[in-house]
Amino acid sequence: MKRQEFVDQLLKRAKGTPGTRGEAFAPANIALCKYWGKRNAELNLPVNSSLSISLGKLGTRTIIKFSKTSDRIFLNGKPAPKAFAERLSTYLDLFRPEGLFFEVRTKNNIPTAAGLASSASGFAALVKALDDLMGWGFTPRELSLLARLGSGSAARSLYDGFAVWHAGQRPDGMDSYAEGLSNVWDDLRVGILEVSRVRKKTGSTEGMNRTRETSELYRSWPAQAQCDYDELRTAIAAKDFPMFGKTAENNALAMHATMMAAWPPLCYWKPQSVSLMQKVWKAREAELELYFTMDAGPNLKLLFLTGDQAAVRRLFPKVQIVNPFL
Ligand code: PMV
């Protein structure tokens, strides 16, 4: 099935009529069990289910209107870079009414494409804003099916707090949606350690495709991801922080191991990423319950509980601390 057919099938369920302006915010999310590998590239269907935590007020705000002459895309107040604008226009083609163009103004309060998942909040905010503009009246679950086509991880950014994206089994991808978990973990904190804001050379799609095609270690990934997903759900339900942190960190390192075993090899880490990881391990040896996760980029996201916030700040004075449930 082509993605246009998928969209047309979903749009049959749409209700209202288009307005003149749509606006929405979506949070960034950090995967604790990573999405890594596509089983269907056309429909962006994942090999494995994934689980994430959204970052509260950190994310993307998008305003969308119709435009008469051409698409006009702005990122953080300036005309967007060509590659970014083209990616959005291609996505908007899926929803474009005959002869119309869009004006999109999008603002991130997180760095773009430095592994802080801004494409996730970006596409989630865009589909929510489109829903507002077009008057579709879709549920978050339906919107997650559409956001998934822009960027897989965007499916999870439709929700605050914990979210899961079901891999699904159907060839048409209608069961590959995300949903929010009702679990609230008030004293959980995420710390962002920014190593670099430089745009990465290898995007996540290219990275996961190369890994799936060439890495011998990727064979063990689907089973590990399933196991980590189940463990994380158990740890979240029980608020078992050591189990939660260990599983998230192990899942991230396993994902990075699959990439390093790809050919040509792929490593998103910078020397500073490694020294930060070692600092976390040393702190843990000294009994601090501190863990990290990393996506397709050099930055670390720390996981800890509020009781350890002062100690984490002492160790990492530049850390940006987020309360995901605020
Ligand atoms: O959503 P994409 O296509 O940018 O891929 C995201 C991949 C990871 O960030 C590495 C993992 C994840 O689940 O977010």
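Domain bounds here come from an automatic or database domain assignment. The model is a predicted one: local features need pLDDT of at least 70, side-chain atom pairs count only at pLDDT 80 or more, and totals for chains, interfaces and linings use all residues. Residues are numbered from 1 along each chain as its sequence is written, and side-chain values use heavy atoms, with hydrogens and water left out.

**Exercise 1.** Find the domains of the chain and describe how they meet.

*Solution.* Start with the bounds: domain 1 covers 3-180 and domain 2 covers 188-322. Next, take the centres over C-alpha atoms; they sit 24 Å apart. Now go for contacts, meaning heavy atoms within 4.5 Å. On that basis, 27 residues of domain 1 touch 43 residues of domain 2. Then comes buried area, which is the accessible area (1.4 Å probe) that two parts lose on being put together, summed over both. For this pair of domains that's about 3,000 Å², with 71% given by carbon and sulfur atoms. Look at L32, K34 and W36 too: they supply 28% of the area that domain 1 buries against domain 2, more than any other three residues.

**Exercise 2.** Which residues are closest to the ligand?

*Solution.* Count a residue as near if one of its heavy atoms lies within 4 Å of the ligand. That gives 14 residues around the ligand, the closest being Y35, S151, S153, R156 and S204. Now check individual distances. A backbone N or O atom of Y35 is 2.9 Å from a ligand oxygen. In the side chain of S151, an N or O atom lies 2.8 Å from an oxygen atom of the ligand. The side chain of S204 likewise has an N or O atom 2.8 Å from a ligand oxygen.

How values were computed:
A residue is near a molecule or strand if one of its heavy atoms lies within 4 Å of it. A polar contact is a pair of N or O atoms within 3.5 Å; within protein, one must be able to donate a hydrogen and the other to accept it, and residues adjacent in sequence count only if both atoms are side-chain atoms.
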